[in-house]
Amino acid sequence: MKYIDEFRDGTLARRIADAIAAEVEPGRAYNLMEFCGGHTHAISRYGITDLLPPAVRMIHGPGCPVCVLPIGRIDLAIGLALEQRAIVCTYGDCLRVPASDNLSLLKAKARGGDVRMIYSPADALAVAEAHPDREVVFFAIGFETTTPPTALVIQEAARRGLANFSVLCNHVLTPAAITNILESPEVRKLGTLPLDGFIGPAHVSTIIGSQPYEFFAEEYRKPVVIAGFEPLDVMQAILMLVRQINEDRAEVENEFTRAVTREGNLKAQALVSEVFELRRSFEWRGLGEVPYSALRIRAAYAAFDAERRFGLETRSVADNKACECGAILRGVKQPRDCKVFGTVCTPETPIGSCMVSSEGACAAYYSYGRFREISVVAPA
Amino acid sequence: MCLAIPVRVVELRDGATALVDLDGIRKEISLALVDGVAVGDFVILHVGYALSRLDPEEAERTLALFAALPDAAARAATA
Amino acid sequence: MSGVRPGYVRPLDIRNGRIDMSHGSGGRAMAQLVEQLFAAAFDNEWLAQRNDQALLPRPEGRIVMSTDCHVVSPLFFPGGDIGCLSVHGTINDVAMSGARPLWLAAGFILEEGFPLADLQRIVESMARAARDAGVPVVTGDTKVVEAGKGDGVFITTTGVGVVPPGLVLGGDRARPGDRIIVSGTVGDHGMAVMSQRESLAFATDLVSDTAALHGLVAAMVEAVPEVRALRDPTRGGLATTLNEIAGQSGVGMTIDEAAVPVRRQVEAACEFLGLDPLYVANEGKLVAIVPAERAERLLAVMREHPLGRDAALIGEVTEDAHRFVQMRTRFGGRRIVDWLAGDQLPRIC
């Protein structure tokens, strides 16, 4: 696959790994946060940790929209399916997330709720066209990458005058989450979480560009390297961060130049501002209330806002007391620091958000890497 | 976070849509977010929409960066 | 004289007819369905007797029996349908013990309203599959459920076979040092079926790999009777089968990502949907665990057979109390190939 396979080349991986090993300064630690769940997934799936020197520590960030989706929001979607008898269209990622009362969207479907898995927001629109007698709600999640398509279908729904279509909007913003981490007590005051640099998200950046990260580099003096999704991209970004840290630089660099520019996709950005506006505050699972971190549908498109249409009130639902997701999402703890990791909390029976999505820190670690903690007799 | 893949545009269609190809798998997607796409271009595809065009020169440049790093033999020689 | 012809029964309207409750009630309508659709297609000496059971000769050797329920949706997919799938599936389950499959039984649960034309297509496909495999459907049953209580048709097939003397295969027989071989490309069936799903629809040449593997198995066990275990990686894919065997045998496994054969289109389709080919269903492939010194021979024998042309040695069995299946990634790192947490779902994140 062009532009995919070349960036998974094992021989080139060795070269980058050797370069990283050669350039880390003795006695120095490099604590790097990969913000994006896709990068967490890539690191686990390709075993990148095996190729890094011990001085480089990867900390998993909260860039997983499913992981940070509050239980209360999923409850709203389940309620729409079971009580309002609406057709709820959702991406596959959300189907199994456990919500209140031991339900999930998948379980709601088993109870007779009309829950449909879709691949694209356009599919939700098609469902609404096909069932003019039913309410159809698109359960929209995602960071800035996924928001422009939602904006497009809302505009399209308006153009077509679709009276039975609405969107339950849970779109969240990356810079706000990064600020939240950098402002957390562990980073700011206590210094218990040393954070030396960020690997910036790949596809979010195709939309917002590299410019928004300049603020973090300047204000917090942390280097940011935007990395593509493939494992060579991630490794190259790590090398670039190591170099910045060695040279005491705090800049925004772009490794993913083949898809990301400084200003990003202006057309998509304009579209998003046309349809959405900032919420003053939004609850992120594991992080609590984060100011100016999420979007809601503008008054001009109120007709397509499920929250207005159905008079929805979000209930805040606390996570299990044993759950360490909050600390893990902020990078303060590792999955294995959590008492319920791997025992009560597994991908089959997830307790908290980090285990729920396949790219959550705990799920990725459990599925791909937990054998590292256990000594295994290597084959002869 | 966002699953997105580079795909090749094989046909432009009405209503800002295109037929794209990835190793023989073909799908119709929307070009509503990206202007000026031509047949033969590569775009980044996410949830049925092209998010941006992939710049082939930059791709080559990035790969060249990797290849420019010394391999194990060269590294040993200069050690 | 009246115009009534003695013994005349109006033939089934295959083209426009649909299943109704009378077809399951045991009366004339059901007899006609059996006669004109099922028996006509399967047509063998046992069904010709029209008994509720088949009287079979006692086979020589240890008897193997297996049963499988088939609820696949969609019923028709590129490369096959629920009919041939149900024949291949049970033949394969029997064959994985090393046995030569001898006879099949087939039970149908039909939904009221199911088109007869579709049923005929399915039954004829089953009959063709059975004939090609040389394994007859010797007995069967049909029931009808009310509309809404079925998915068109559910098929259960049961198979009986005999194991050649001296052959002992089992999922608990893998030992550290053994080699792991897969008979061909993985993920074809699952992705071919997925390409038909409404909202995931993508255009592709991919076809299901559904096939009867007993011929391949016969060649394998004749040349290498030391084979430890055979299993076909259906639901849950190669990864699940390897984990099952590792668990049963109390061993670990290490495989090489680069060695696992996957078609380019399957890789691409998986990229689109965020799926891992290791977990995608197959219907015409098998995994073999074989002592290291016999691996090359087994591989050669498999590659001589049309269903084993792309056979590949993908890894080895290791000592591991934790029974992990590990993989050396193409990239140079290592990861676990874990049990699946429920069905793989397409993702956007």
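Predicted model: local features only at pLDDT ≥ 70, side-chain atom pairs only at ≥ 80, totals over all residues.
Let's start with the layout of chain A. Chain A is divided into three parts in the assignment: domain 1 (5-63 + 185-254), domain 2 (71-173 + 264-309) and domain 3 (325-373). Note that domain 1 comes in two stretches of sequence, 5-63 and 185-254. Domain 2 is also written as two stretches, 71-173 and 264-309.

Now, domain 1 against domain 3. Their C-alpha centres lie 21 Å apart in chain A. Domain 1 of chain A puts 16 residues into the contact, and domain 3 of chain A puts in 13 residues. On the domain 1 side, H2 and strand E2 (56-63) of chain A each give two or more residues.

Which order do the four strands of the open sheet take? In chain A the order is E4-E3-E5-E6, and the pairing is parallel. At the edges sit strand E4 (115-118) and strand E6 (165-171) of chain A, each pairing on one side only. From one strand to the next, the twist averages 25 degrees.

Look at one pair inside that sheet. Strand E3 (residues 87-91) and strand E5 (residues 136-142) of chain A pair in the parallel sense over four bridges. Here A:Val88 stands opposite A:Val137 in E5(A).

What packs on the sheet? H5(A) does, touching E3, E4, E5 and E6 of chain A. The direction of H5(A) makes about 170 degrees with that of E5(A). Helix H3 (residues 71-82) of chain A lies across E3, E4, E5 and E6 too, and runs at about 140 degrees to E3(A).

Stay with A:Val88 for a moment. Among the residues it touches are A:Ala77, A:Leu80, A:Leu105, A:Val115 and A:Phe139. In the largest nonpolar core, of 272 residues, A:Val88 and A:Ile238 have the most contacts. H11(A) gives this core its largest share, 10 residues.

Methods:
Residues numbered from 1 in each chain as written. Chains lettered and ligands numbered in written order. Domains from an automatic or database assignment. Contact = placed C-beta atoms within 7 Å. Core = buried A, V, L, I, M, F, W, Y, C linked by C-beta atoms within 7 Å. Buried ≥ 20, exposed ≤ 12 C-beta atoms within 10 Å, placed from the backbone. Pairing = 2+ DSSP bridges. Axes fitted to C-alpha atoms, helices over the stretch in contact; angles between N-to-C directions. Lists of a residue's contacts leave out its neighbours within four places in sequence.
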